[in-house]
Amino acid sequence: MKKVFVWLNDSLEEFLMVASLILMTLIMGIQVFSRYVLGASLSWSEELTRYIFVWAGFLSVSFCTKRCISIKIEQFVAMFPRRGKAVFKLVNHTLELIFFFYLMPFAVKYLMSAVESGQVSPACHIPMYYVQAAPLVSFLLVSVRIMQRWYIEFQTARKGGYGEG
C-alpha cells in the first residue's frame with residue numbers, strides 16, 4: 001500500500017498527462033486515417049480530444065505546482081539567504097493556497113450546475129459533468145501539492161536546513 005501512495009505522490013500527474021497525450025494522438029491519428037484513407041470522418045474524435053485536452057490542461061497546474069514550475073520573481077528571491085528564501089516561499093505558498101481555496105466553491109458550483117442540467121456532449125453523449133469536474137479535481141490536487149511544498153519550506157525556514165526549492 002505504501003508503494004501505491006509513493007507512486008501517486010511521485011508520478012500521478014505525469015502519468016495522467018502522458019496517457020492523455022498518447023490518447024489524444026491516437027484518436028486524432030484514427031480521425032486522419034478515417035478521413036483521408038477511408039473517406040469517412042468520425043463525429044466524436046475532435047470532441048473527445050478536446051475534453052481530454054481540457055483535463056490535461058488542468059492536471060498540468062498540479063504538475064507545475066509540484067515541480068515549482070511557475071512564474072516567479074527569481075532575482076528578488078535570490079537576494080535572500082536560504083532561510084529568507086524559505087520564508088518568502090512560505091508566504092507565496094500561503095497566498096496560493098488561499099487563492100485555490102477561494103476558487104473551489106466556484107468549481108463546485110460549476111460542477112453541480114452540470115450535474116443538475118443533465119447535459120451530455122453532442123457527439124459522444126458523455127455527461128458534461130465528467131468534463132466540468134476537471135477544475136475541481138485540479139484545484140484539490142493543487143492544494144495538496146501546495147501544502148506539501150509549504151511543509152518543505154516551513155521545515156527549511158524553521159531549521160535553516162536544506163529543503164527543496
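Q: Why is Trp150 called partly exposed?
A: This is a predicted model. Trp150 has a relative accessibility of 32%. Buried needs a value under 20% and exposed one over 50%, so at 32% Trp150 counts as partly exposed.

Q: What makes the pair of Trp150 and Phe154 stacked?
A: The ring centres of Trp150 and Phe154 are 5.3 Å apart, with the planes at 10 degrees. A pair needs centres within 6.5 Å, and planes under 30 degrees apart count as stacked, so this pair is stacked. Both residues lie in helix α6 (residues 134-159), four residues apart, about one turn of the helix. Phe154 is also partly exposed, with a relative accessible area of 32%.

Q: Why is the pair of Phe99 and Phe100 called edge-to-face?
A: The structure holds eight aromatic pairs. In the pair of Phe99 and Phe100, the ring centres are 5.3 Å apart and the planes stand at 75 degrees. Planes over 60 degrees apart count as edge-to-face, so the pair is edge-to-face. Ring pairs also link Phe99 and Phe100 with Phe58 and Phe139 into a cluster.

Q: How do you know whether Phe99 and Phe100 are buried or partly exposed?
A: Phe100 has a relative accessible area of 11%, which is under 20%, so Phe100 is buried. Phe99, at 45%, falls between the 20% and 50% cut-offs and is partly exposed.

Technical notes:
Residues numbered from 1 in each chain as written. Predicted model: local features only at pLDDT ≥ 70, side-chain atom pairs only at ≥ 80, totals over all residues. Heavy atoms only, no water. Phe/Tyr/Trp six-rings, centres within 6.5 Å; stacked < 30°, edge-to-face > 60°. Buried < 20%, exposed > 50% of the residue type's maximum accessible area, 1.4 Å probe, protein only. Helix = DSSP H or I, 4+ residues; strand = E, 2+ residues; numbered from the N terminus.
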